[in-house]
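Here's a quick tour of one protein chain. Have a look at it first, then read on.

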Amino acid sequence: MGVKKGNLSLLGVLSYTAPALSTVWLELFTEAQLTTGQIIACTLITLGALFASLMPNKQSNKKMPSVSQETKGI
């Protein structure tokens, strides 16, 4: 449903945050302590998602040729 009617770029960005959220939930709801590597990984995931959300959409007005048009010249 989200792919058909939602914002596909936002959905992609949010999908990258799932591992970071599960790591934070692990620390919050259990007695586990986060390691330095996990904290760095969560930070990098968050920065990557932020970077991806700030990138401009490159939507082209050019139409892709259909399969029948590509194979006519072959």
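Predicted model: local features only at pLDDT ≥ 70, side-chain atom pairs only at ≥ 80, totals over all residues.

Local features need pLDDT of at least 70, side-chain atom pairs count only at pLDDT 80 or more, and totals for chains, interfaces and linings use all residues. Residues are numbered from 1 along each chain as its sequence is written, and side-chain values use heavy atoms, leaving out hydrogens and water.

**Confidence by helix**
- Helix α3 gets the highest confidence in the chain, at a mean of 87, while α5 (residues 67-72) gets the lowest, at 54.

**Overall build**
- You'll find 5 helices and 0 strands here; these are DSSP runs (helices: H or I, at least four residues; strands: E, at least two), numbered from the N terminus.
- Along the sequence, that reads α-α-α-α-α.

**Surface**
- Of the 74 residues, 7% are buried (under 20% relative accessible area, 1.4 Å probe, protein chains only).

**Where α3 meets α4**
- Helices α3 (residues 18-29) and α4 (residues 36-54) pack at about 140°, with axes 9 Å apart; the axes are lines fitted to C-alpha atoms over the stretch in contact, and angles run from 0 to 180 degrees between N-to-C directions.
- Pro-19, Ala-20 and Thr-23 of α3 touch Gln-38, Cys-42 and Ile-45 of α4 (contact means heavy atoms within 4.5 Å).

Terms used:
Buried < 20%, exposed > 50% of the residue type's maximum accessible area, 1.4 Å probe, protein only. pLDDT = per-residue confidence, 0-100.
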